[in-house]
Amino acid sequence: MSPATRRNVIVSFIAVFALILLSASIFAADDQKSAAQGQVDSIVKSYLVVQKALAADKTDGVSDELTKIHSAAMGLAESSDGKLKDQAKALAAHSDVKVKDLKGARASFKPLSNDVIALVQIMPQSASIAPELYDVNCPMVKANWLQPSKDVANPYMGSQMLDCGRVEKTIASAEKK
């Protein structure tokens with residue numbers, strides 16, 4: 001084999017090897033993003049169950065959903081970096097609660113809502129969870145929450161003032177962004 005041919009073979013080998021390494025890092029990043037998206041979706045799904053229960057003046061299953069949120073937030077904090085990691089840590093702290101009554105559940109829902117709203121602004125939910133989320137404000141309790149419909153269902157007031165609130169923002173799903 002001539003020196004020129006040998007050099008071309010070596011250069012080709014190095015180029016192929018570099019492409020393999022680059023592809024592996026791209027796939028790893030995609031896998032990490034997919035895992036993070038799954039955790040965000042799990043958080044939002046459980047959060048919406050809690051929102052719906054509180055709007056119906058119920059606490060059945062709320063503790064279980066908070067445990068799911070906490071677990072997904074802990075996983076997200078361990079597997080992410082930057083703003084997503086920081087937000088996941090805050091969310092994990094605010095979801096580590098046991099609900100004893102409706103009043104306590106609603107009080108815990110305020111910081112949880114702030115954290116979930118901030119989370120979906122960093123990484124929106126998948127369309128399969130909610131094509132759009134609505135950030136709604138209740139002026140009576142000076143708090144916001146997310147819901148999957150424009151029809152206000154206030155988790156802080158429940159049946160006392162179910163439709164008290166105003167949609168402030170629409171958050172599109174990850175696929176729409």
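This is a predicted model: local features need pLDDT of at least 70, side-chain atom pairs count only at pLDDT 80 or more; totals for chains, interfaces and linings use all residues.

User: Which residues of H3 are buried?
Analyst: Those are Leu 84, Gln 87, Ala 88, Leu 91, Ala 92 and Ser 95. They sit on the same side of H3, because the arc they cover around the axis is only 145 degrees.

User: And what is exposed on the other side of H3?
Analyst: There you'll find Lys 83, Asp 86 and Ala 93, which are exposed.

User: Nice. Switching to the largest nonpolar core: which of its residues touch the most other members?
Analyst: Ile 43 and Tyr 47 do, in a core of 42 residues. Helices H1 (3-55), H2 (62-79), H3 (82-95) and H4 (102-122) each supply at least two residues of this core, and so do strands E1 (132-138) and E2 (143-147).

User: Which element gives the largest share of this core?
Analyst: H1, with nine residues.

User: What is Ile 43 in contact with, leaving aside its neighbours within four places in sequence?
Analyst: Ile 43 is in contact with Ile 69, Ala 72, Ala 73 and Leu 76, as well as Leu 91, Val 116 and Leu 119.

User: Now Gln 51. Is that one buried or exposed?
Analyst: Gln 51, found in helix H1, is buried: its relative accessibility is 4%, and the cut-off for buried is under 20%.

User: What does Gln 51 touch, not counting residues up to four places away in sequence?
Analyst: Gln 51 touches Phe 109, Trp 145, Leu 146, Gln 147, Pro 148, Ala 153 and Pro 155.

User: Let's look at the sheet. In what order do the strands come?
Analyst: The order is E2-E1-E3, in an open sheet of three strands with antiparallel pairing. E2 and strand E3 (166-172) are the edge strands, each pairing on one side only. From one strand to the next, the twist averages 25 degrees.

User: Which helix packs on the sheet?
Analyst: That's H4, which touches E1, E2 and E3, and its direction makes about 55 degrees with that of E2.

User: How many bridges join E1 to E2, and how many pair E1 with E3?
Analyst: Five bridges join E1 to E2, and E1 pairs with E3 over six bridges. Both pairings are antiparallel.

User: What stands opposite what in E2?
Analyst: Asp 135 stands opposite Leu 146, and Tyr 134 stands opposite Gln 147. Leu 146 and Gln 147 are also among the residues that Gln 51 touches. Over in E3, Ile 171 has Leu 133 opposite.

User: How many residues of E1 are buried?
Analyst: Six of its seven, so E1 is mostly covered.

User: What about the hairpin of E1 and E2: which residue takes a positive phi?
Analyst: Lys 142 does, with phi near 55 degrees, and the hairpin has four residues between the strands.

User: Last one: is Gly 104 buried or partly exposed?
Analyst: Gly 104, in helix H4, is partly exposed, with a relative accessible area of 29%. Its C-alpha is separated by 9.8 Å from that of Thr 59, 45 residues apart along the chain.

Conventions. Residues are numbered from 1 along each chain as its sequence is written. Side-chain values use heavy atoms; hydrogens and water are left out. A nonpolar core is a set of buried Ala, Val, Leu, Ile, Met, Phe, Trp, Tyr and Cys residues joined through side-chain atoms within 4.5 Å. Buried means under 20% relative accessible area, exposed over 50%, partly exposed in between (1.4 Å probe, protein chains only). Contact means heavy atoms within 4.5 Å. The arc is that of the directions from the helix axis to the C-beta atoms. Two strands pair if DSSP finds at least two bridges between them. Axes are lines fitted to C-alpha atoms, for helices over the stretch in contact, and angles run from 0 to 180 degrees between N-to-C directions.
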